[in-house]
Amino acid sequence: MKFKSAEAGQPPISTVTVLYYDAPVGLEMFNAVLTDLHISQTGRVMIPDSFRQGKSIIAVLEGECKILNSLGERVYSQRVVT
C-alpha cells in the first residue's frame, strides 16, 4: 500500500476508494473516495466510524478509483420485453 509522508511521529496516511451498500439490505452499490486516512501499525486503513454508519462495506481499494460498471447496473438500465 502506498503511503503519503506524514509529519514526524504521526502515522502514515492514505487515500482509498470504498465500495459499499446501504445497510442492511441496499441493492445499489455506491463508492466514495476517502483521503488522509491513518494507517494502523498492522497496515490497515482506519475508516472512521462516522463513515461506516449505515453502510455495508464490501471492498476497500487503494487510491482513487473510477468505477466503470458494477454488478446489477445493467439490470436497472435494461427493460424487460414481454
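Biologist: Where does Gly 63 lie?

Modeller: Gly 63 is in the loop between β3 and α2 (73-77). Helices (H or I, at least four residues) and strands (E, at least two) are DSSP runs, numbered from the N terminus. This is a predicted model, in which local features need pLDDT of at least 70 and side-chain atom pairs count only at pLDDT 80 or more, while totals for chains, interfaces and linings use all residues. Residues are numbered from 1 along each chain as its sequence is written, and side-chain values use heavy atoms, with hydrogens and water left out.

Biologist: Which residues is Gly 63 in contact with, leaving aside neighbours within four places in sequence?

Modeller: Thr 15, Val 16 and Thr 17; contact means heavy atoms within 4.5 Å.

Biologist: What share of the contacts with a separation of 6 or more comes from residues 24 or more positions apart?

Modeller: 52% in the protein chain.

Biologist: OK, the fold. How many helices and strands does the protein chain have?

Modeller: Two helices and three strands. From the N terminus on, the elements run β-β-α-β-α.

Biologist: And what is the order of the strands in the sheet?

Modeller: The order is β2-β1-β3, in an open sheet with antiparallel pairing. Two strands pair if DSSP finds at least two bridges between them. The edge strands are β2 and β3 (55-62), each pairing on one side only.

Biologist: How many bridges join β1 to β2?

Modeller: Eight, and the two strands run antiparallel. In β2, Met 29 is the bridge partner of Tyr 21.

Biologist: What is phi of Asp 36?

Modeller: Phi is near 55°, a positive value in a residue other than glycine. Asp 36 is found in strand β2.

Biologist: Is Asp 36 buried or partly exposed?

Modeller: Partly exposed, because its relative accessible area is 44%. Buried means under 20% relative accessible area, exposed over 50%, and partly exposed in between (1.4 Å probe, protein chains only). Of the 82 residues in the protein chain, 21% are buried.

Biologist: Changing topic: how many aromatic pairs does the structure hold?

Modeller: Two. Rings of Phe, Tyr and Trp (its six-membered ring) pair if their centres lie within 6.5 Å; planes under 30 degrees apart count as stacked, over 60 as edge-to-face and the rest as tilted. Tyr 20 and Phe 30 make a stacked pair, at 5.7 Å centre to centre with 25° between the planes. That pair links distant parts of the chain, with Tyr 20 in strand β1 (residues 13-22) and Phe 30 in strand β2 (residues 29-38), 10 residues apart.

Biologist: Is Phe 30 buried or partly exposed?

Modeller: Phe 30 counts as partly exposed because its relative accessibility is 29%. Tyr 20 has 11% relative accessibility, so Tyr 20 counts as buried.

Biologist: Why is the pair of Tyr 20 and Phe 51 edge-to-face?

Modeller: Because the planes of the two rings are at 85°, with the centres 5.6 Å apart. This pair also links distant parts of the chain: Tyr 20 is in strand β1 and Phe 51 in helix α1 (residues 49-52), 31 residues apart. Both Tyr 20 and Phe 51 are buried.

Biologist: Which residues form the aromatic cluster?

Modeller: Tyr 20, Phe 30 and Phe 51 form one cluster.

Biologist: Which charged end sits over the ring of Phe 51?

Modeller: That of Lys 55, 4.4 Å from the ring centre. A charge sits over a ring if NZ of Lys or CZ of Arg is within 6 Å of the ring centre and within 35 degrees of the ring normal. Lys 55 also lies over the face of Tyr 20, at 5.4 Å from the ring centre.
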